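Here is a short report on a protein model. Look at the sequence and the structure first, then read on.

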Amino acid sequence: MVDAVVEPFLQMNGVGKWFGNLQVLHDVTFSVKKSEKIVVCGPSGSGKSTMIRCINRLEKHQMGQIHVNGIELTDQKKNIDRVRQEVGMVFQNFNLYPHLTILENCTIAPRWVKGIGRKEAEDIALRFLERVRIPEKAHFYPSQLSGGQQQRVAIARSLCMNPKVMLFDEPTSALDPELVREVLETMAQLAADGMTMICVTHEMGFARQVADRVIFMDEGKIVEVASPDEFFDDPKESRTRRFLKQILY
Amino acid sequence: MDFNYIALALPDLLRGVRMTLVVSALAILISLAIAIVGAFLRSLPFKPLHYLVTGYVEFIRGTPYLVQIFFIFYGFPTIGLTLSVFWSGVMALGIWASAYHIENLRAGLAAVGNGMRDASASLGLKPLHHGLFVVFPIALRAALPSIMNTIVSTIKNSAYLQAIGLIELTYVAVEKISYEFRAVEMFASICVIYLACIFTVSGLGHVLERRLKRPYLGR
Ligand SMILES: Nc1ncnc2c1ncn2[C@@H]1O[C@H](COP(=O)(O)OP(=O)(O)OP(=O)(O)O)[C@@H](O)[C@H]1O
Ligand SMILES: [Mg+2]
């Protein structure tokens with residue numbers, strides 16, 4: 001038997017995006033292989049969020065192509081739904097449902113999107129809550145948890161849908177400093193388990209430890225792509241150097 | 001104050017309050033149903049519907065309630081829609097209250113953060129499920145205090161319906177005064193009855209609020 005050629009799992013090709021007259025993505029092209037971990041960084045307003053939000057169609061791109069696991073993102077609802085089943089996302093502000101318990105937060109999508117029965121959905125949820133190390137909070141409400149715990153629940157909620165790639169949009173930047181670590185450890189664990197990940201983050205320690213490649217964006221363009229060591233120790237572009245100087249004081 | 005007289009008048013008054021409560025209850029149901037539909041239509045991206053609902057709200061809130069009652073009772077038959085006194089009253093009260101409930105729901109919807117839509121979309125929830133299980137419950141909880149306010153006003157405003165001859169509590173009192181001349185006894189009595197009804201309803205509202213609030217609002 002011959003293995004299929006390793007197709008990129010996710011591909012962006014010449015992607016352009018405008019908000020009104022403002023072009024926020026210019027010719028963004030990159031691809032991600034299965035199991036690869038990408039860290040995206042860049043100054044505020046450089047289009048990092050917009051770029052990863054295009055991957056599950058929270059934002060609509062107007063130019064170029066995006067393929068996820070061979071499915072092209074177009075206006076077709078069917079494709080969008082299929083892609084969203086493959087892609088999980090974790091947000092800066094957690095976006096947990098405040099009126100639902102932790103367990104209900106984790107079961108609502110498996111039950112109503114995949115039609116899984118309540119009991120089975122709860123078993124799956126508890127398994128992932130154990131994996132993010134908060135099974136004992138299953139019957140609490142989000143407001144009763146610390147920010148770090150909420151973000152770990154958000155990760156578990158996403159994992160319950162069995163995604164093949166996880167997107168993180170600054171998952172630790174709304175957290176108190178002492179809570180950042182538990183979330184990064186959870187993400188590192190996920191990476192070690194082989195998840196394909198795209199993380200917008202400025203956590204340099206995490207990037208060095210986990211990332212296969214770092215993508216640096218500025219003004220809606222990809223400026224530099226490099227391995228973490230190259231990126232932090234020997235950046236090629238002057239804009240990258242300026243940015244690194246700023247975030248490292 | 002002649003308490004014997006009040007005791008004798010009580011059966012008539014209780015018949016009146018029964019009508020008050022039935023009309024109010026139906027009007028409350030109708031107003032909430034109209035409001036949910038209205039708030040939903042207004043949330044759609046189709047602008048003309050938005051203006052239609054806003055126009056409805058502004059029209060109801062900008063015209064005297066008594067005029068609306070007369071308009072429905074005397075005006076609707078001219079367009080071929082003849083309603084009994086009872087149903088004219090229910091419709092007038094329900095339509096009046098619906099305008100306020102639409103506004104209550106708008107405030108509730110504004111309390112649903114933008115992040116909820118992102119979360120649901122990223123999880124693949126259908127818009128219908130997102131609306132039913134996420135937007136609606138969050139909005140309802142946020143709107144509940146003002147919804148309760150409007151419900152209390154609905155009960156009180158049923159008194160205006162005596163103007164078209166609906167035999168509710170105030171009508172009964174006014175009519176008895178007109179031939180028995182015990183104004184103080186009658187108005188005191190119906191005030192107590194209205195207060196009792198409204199305390200009961202707002203008490204139920206508080207219980208509901210506490211039940212629904214659970215821990216998520218406070219911390
Ligand atoms: N919904 C929107 N409507 C209009 N403009 C938007 C919208 N969202 C983002 N923008 C603009 O698009 C540009 C890119 O924004 P984006 O949020 O993607 O940047 P970012 O790199 O994620 O920044 P940050 O680090 O602050 O999160 C910015 O100029 C922003 O003002
Ligand atoms: Mg951002």
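Contact means heavy atoms within 4.5 Å. By that rule, the contact between the two chains takes 25 residues from chain A and 22 residues from chain B. This is a predicted model, in which local features need pLDDT of at least 70, side-chain atom pairs count only at pLDDT 80 or more, and totals for chains, interfaces and linings use all residues. Residues are numbered from 1 along each chain as its sequence is written, chains are lettered from A and ligands numbered from 1 in the order in which they are written, and side-chain values use heavy atoms, with hydrogens and water left out.

**The interface**

The size of an interface is often given as the accessible area lost when the parts come together. Buried area is that loss, taken with a 1.4 Å probe and summed over both parts. Chain A and chain B bury about 2200 Å² between them. Of this, 64% lies on carbon and sulfur atoms.

The rule for a salt bridge asks for a side-chain nitrogen of Lys or Arg within 4 Å of a carboxyl oxygen of Asp or Glu. Two salt bridges cross the interface of chain A and chain B. One of them joins B:Asp118 to A:Arg53, with the closest N and O atoms 2.9 Å apart.

Which parts of chain A supply at least two residues each to the side that touches chain B? They are α2 (77-86), β6 (87-90), α3 (102-113) and α5 (147-159). Helices (H or I, at least four residues) and strands (E, at least two) are DSSP runs, numbered from the N terminus. The largest share, four residues, comes from α3(A).

**A covered strand**

Strand β3 of chain A spans residues 37-41, and five of its five residues are buried. Buried means under 20% relative accessible area, exposed over 50%, and partly exposed in between (1.4 Å probe, protein chains only). A:Lys37, A:Val39 and A:Cys41 lie on one side of β3(A), with A:Ile38 and A:Val40 on the other.

**A serine in chain B**

B:Ser24 is found in helix α1 (residues 3-43) of chain B. Is B:Ser24 buried or exposed? B:Ser24 counts as buried because its relative accessibility is 2%. Leaving aside neighbours within four places in sequence, B:Ser24 is in contact with B:Leu93, B:Thr154, B:Ile155 and B:Ser158.

Note on methods
Buried area = accessible area lost by both parts, 1.4 Å probe.
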